[in-house]
Amino acid sequence: MKNATTVVVAERSLDPSLHVLAKGEDEDEKGSIITPTLLSSGLQVREASRAKTLITPTPGLAPGYLQANLIVLPSRYAADFRLLCARNPVPCPLIAESEAPGLYSSIKSCVAGLAAADLLSSGTVDLRHDIPRYMVYRDSELVRAGVLDIEDEWDGGDHVAFLVGCSYSFENALSLADLPPRHTVLGRNVPMYRTRLPLCPAGVFTGGTYVVSMRPYKRGDVERVRDITRGYSATHGEPIAWGWDAVRSLGIRNIDSPEWGDAPVAADGRRPMSELQGSDEEVPVFWACGVTPQEAAMRANLKGTVMAHAPGHMLLLDCKDQDIVNMS
């Protein structure tokens with residue numbers, strides 16, 4: 001394999017956060033440095049990922065530009081996956097897919113009123129390289145984690161890529177309302193958890209459950225947070241649950257041990273969030289998460305090679321978050 005860089009995966013998780021360097025100073029294998037805050041557009045983020053000079057999670061990058069989850073499936077599963085998204089629009093809001101099987105450089109929009117040219121006005125994308133890090137599964141087993149590209153695994157005659165909405169796409173709106181998500185303030189990856197909330201099955205996709213992302217807020221701010229994110233239905237929309245009781249009702253075993261991303265901490269950046277349990281000053285707020293399709297694919301016991309973004313590492317598009325809100 002030409003891309004030997006991998007991240008050791010803890011047994012409990014597909015992604016132990018995949019942070020390689022401190023946010024704000026990322027170094028590739030050749031020693032070049034990139035400062036994420038200088039990446040001001042979706043195109044710049046894609047180019048930096050393609051050049052392997054951006055290898056860390058993407059929350060907070062190019063504020064205002066749409067971020068998307070990626071999953072790449074053998075074409076025989078494509079119709080069932082479209083149905084899965086149609087039946088589960090909150091955790092799996094479908095934005096776009098490959099224009100044809102095997103194509104990695106062109107997409108077609110799945111959002112009414114939004115053309116592919118709106119999503120990628122620059123016309124430039126390479127789905128094999130334009131995300132900082134990827135996951136590779138074979139016969140429903142994780143075989144490579146945190147790799148820098150998926151060129152060697154891509155089947156040019158068969159693979160179909162799907163882009164699914166990402167909750168990072170409403171984080172800029174929260175920040176503009178003086179409600180910045182904790183992980184962006186602290187330069188961390190968002191915590192993500194498996195739940196017992198079932199998906200509506202579709203074809204081969206049976207037995208799947210929601211994955212959720214979590215951002216802590218004061219209880220008194222939850223209604224404002226709901227109001228701000230509600231319009232982003234193409235990127236998961238408003239929270240599906242909040243408060244300490246939601247941890248138990250969703251089936252989350254330990255708030256301090258997410259399956260993906262970084263463990264949540266208090267505002268001081270030091271104490272684990274569990275120390276705040278029962279407090280109205282810090283309550284967990286949960287959104288549906290775009291890692292859900294990866295979980296659904298693994299639960300479905302799919303055969304062949306499936307590829308996806310590494311949790312927290314998104315594809316940035318050329319359209320703005322507000323474009324999606326206007327179309328929703």
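Two strands count as paired if DSSP finds at least two bridges between them. In this predicted model, an open sheet of 4 strands has the order S9-S10-S12-S11, with antiparallel pairing. Strand S9 (192-198) and S11 stand at the edges with a single partner strand each, so one side of each lacks a neighbour in the sheet.

**Strand pairing**

- S9 and S10 are joined by 4 bridges and pair in the antiparallel sense.
- Met192 stands opposite Ser213 in S10.
- Strand S10 (residues 209-217) is linked to S12 by 6 bridges, and the two run antiparallel.
- Within this pairing, Pro216 is placed opposite Pro284 of S12.
- Strand S11 (residues 241-242) also runs antiparallel to S12, with 2 bridges between them.
- Ala241 has Phe286 in S12 as its bridge partner.

**Burial of S12**

- Strand S12 (residues 283-288) is largely enclosed by the rest of the structure, because 6 of its 6 residues are buried.
- Val283, Val285 and Trp287 are buried on one side of S12, and Pro284, Phe286 and Ala288 are buried on the other, which leaves both faces covered.

**Helices on the sheet**

- Helix H6 (residues 222-229) lies across S10, S11 and S12, and runs at about 15 degrees to S12.
- Helix H8 (residues 292-299) packs on the sheet and touches S9 and S10.
- The direction of H8 makes about 150 degrees with that of S10.

How values were computed:
Residues numbered from 1 in each chain as written. Predicted model: local features only at pLDDT ≥ 70, side-chain atom pairs only at ≥ 80, totals over all residues. Heavy atoms only, no water. Buried < 20%, exposed > 50% of the residue type's maximum accessible area, 1.4 Å probe, protein only. Contact = heavy atoms within 4.5 Å. Axes fitted to C-alpha atoms, helices over the stretch in contact; angles between N-to-C directions.
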